[in-house]
Amino acid sequence: MGIGDLALADREVLGYLEPVAAENEFLGCKEPLAAVAITKNKLVKMGRNERECDVVLSHPSVSSVHCMFWAIRFDEDSVPMYYVNDCSLNGIQLNGLSMKRGQTCLLDDGDIITVPNAIDYRFVARIKLTTNGLVEQLGFQKNVENWHITSKVVGSGTFGHVLVANNTAFANSGRQAINFAVKIIKMKPSRLDKEAKILLKLAHPNIIKVHKTFAGSSDHLYIFQDLITGGDLFSYLAKSDCLSPVSETEALLIVYQILHALRYLHSQGVVHRDLKLDNILLCTPEPCARIVLADFGIAKDLSSSRSRMHTVVGTPEYCAPEVGFKADRTAYKEFARAATFEQQGYDAKCDLWSLGVIAHIVLTGISPFYGDGSEASIIRNAKVGSLSFSSRQWSKVSDHAKSFVRRLLEIDVQKRLDSRSAFHHSWIAKHKGQLEKLYHKRIVQDVETTPKVEELDWKRKLPKTVNLSPSTVPKKRWPKSTTETLFSCPRGLIRQGSPSFLDVIATRSSTLWNYSKLNSIIVKPMLCFECSLYKKSRQKTWLIA
Ligand SMILES: Nc1ncnc2c1ncn2[C@@H]1O[C@H](COP(=O)(O)OP(=O)(O)OP(=O)(O)O)[C@@H](O)[C@H]1O
């Protein structure tokens, strides 16, 4: 049975899972088998558990949740990445090759997924990769030793592109290969290995793991690293036209993991300097997923000098006022470094300010200093640092959480929490026991089950499968309508589908990542209400001095 007309009409549908079976194999089904839609950032679960799964497979050898599917789209212009995760005991096969328990693999159009004792599913991609991509255009090497670089783009930023890579050492193992990522940066030779050097010395469950770096011809640096498959926090929160908050519990676990990463980084003398939603990656797009800090492009290693920093870098929306961004861009021509020398530079606490901005956004969906959205107004507002917790979005947030945000978005650097003292703040300390338990169960164990490059000989201990014949009939359910999510914007700032209520015209380029093209957002005057409108747009990193 094919894909229904309803799904085809839905632009949010990025792919499908189609049952693959001869018509007579469906005999005995209570209802006809249907295709299952895969929409952006939403998990489609297959398994025995009727309450949790979108596709219910009732055979006893099938795990409660046997496998999950999702699609991540970096932005509207990019081809989605489609993934399958094996969370079963008895395993699944992708194109006839077994996956390792806990492994996540990229899906290609036409891939066949086999759940033992249930029917096969064919994956159909709605948006397909076209060849002749970045690798050819920018002259990237396709092979570096036993690494192969594919044309699949995971994301792009100011300094480079991130593509999917494979390690050929895995191709012969008779199992599904592990996918990796490679960040390719073009830079002056003198700067080539700064990011790589910092990353290679770090090892933490919440920090991106780098496997190899390689300085290729034409000043390209290749940083081979884990592929983090759940997308970034920006995409995770981006619903329809704006960012949606998550529950306070989920926010707490996000903040707790970032704090763990920061405490470790700062203890190593490393300051990230560009913490933002785009640089926080999720292993799966679901609550309580492991979080990984990426993009150490402007990180600073102070371990040898322990000096303060003076270079004006970062992303204005997330940047601490002491870093020295100026509302007037022309000021940089004369001031540049001098601007921060006047203020005695800044230290690792700049990362805590950025965490404050992130906490504010995940709790409410609102960027604290966004103002009219222009960089000048963001910088001006951050310098004043005034916070208001009176908006409706804060009404359900606890006082402890508000106080935490306030203690991070503290203009006076002396009063601002650091990455150690933040753990003692009541919001964290109050839940310490549960947080630690959860952290070890979900986060540390997730790292332990993640396949390592050295791990060539995979052996899964399988419990004996139960053989029942004929195979029991799977029960299907469509995932919850995607239109439902589209119409319920929790922040209530923009209601998709009710243009008469709020008519927003964004006059910016469709290329979201080109910061310089970001123009103003025009909102009809009668519709300006309550708090600043925070339209979703990625903000680019600046490197001024
Ligand atoms: N290891 C990874 N796995 C999956 N996605 C990644 C990985 N590294 C980066 N990305 C994605 O690619 C995007 C760009 O990567 P990155 O931030 O490292 O580039 P950049 O040029 O330094 O960007 P910026 O403009 O933020 O400085 C990220 O926002 C993220 O969505």
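1. Let's start with the side chain of Asp232: one of its N or O atoms sits 2.8 Å from an oxygen atom of the ligand. Keep in mind as you read on that this is a predicted model. Asp232 also turns up among the residues that come nearest to the ligand, along with Thr158, Phe159, Lys183 and Asp295. The whole set around the ligand runs to 25 residues.

2. At Lys276 it's the side chain, where an N or O atom is 3.3 Å from an oxygen atom of the ligand.

3. How much of the ligand does the protein bury? Taken alone, the ligand exposes 620 Å², and 97% of that is buried by the protein. The space the ligand takes up is also the largest cavity.

4. As for what the shell is made of, you get nine nonpolar residues, eight polar ones and eight charged ones.

5. Which strand gives the largest share of the shell? That's β13, with three residues. β13 (147-156), β14 (160-167), β15 (179-186) and β17 (220-226) each put in at least two.

6. On the domain level, both domain 2 (134-226) and domain 3 (233-444) contribute to the shell, with at least three residues from each.

Notes
Residues numbered from 1 in each chain as written. Predicted model: local features only at pLDDT ≥ 70, side-chain atom pairs only at ≥ 80, totals over all residues. Heavy atoms only, no water. Near = heavy atom within 4 Å. Polar contact = N/O pair within 3.5 Å; in protein donor to acceptor, adjacent residues only side chain to side chain. Areas by Shrake-Rupley, 256 points an atom, 1.4 Å probe, with all protein chains shown as cover. 1 Å grid on protein atoms, 1.4 Å probe; cavity = no way out; pocket = protein on both sides within 12 Å on 5 of 7 lines; lining within 4 Å. Sits in = over half its atoms within 2 Å of the grid points. Helix = DSSP H or I, 4+ residues; strand = E, 2+ residues; numbered from the N terminus. Nonpolar A, V, L, I, M, F, W, Y, C, P; charged D, E, K, R; others polar. Domains from an automatic or database assignment.
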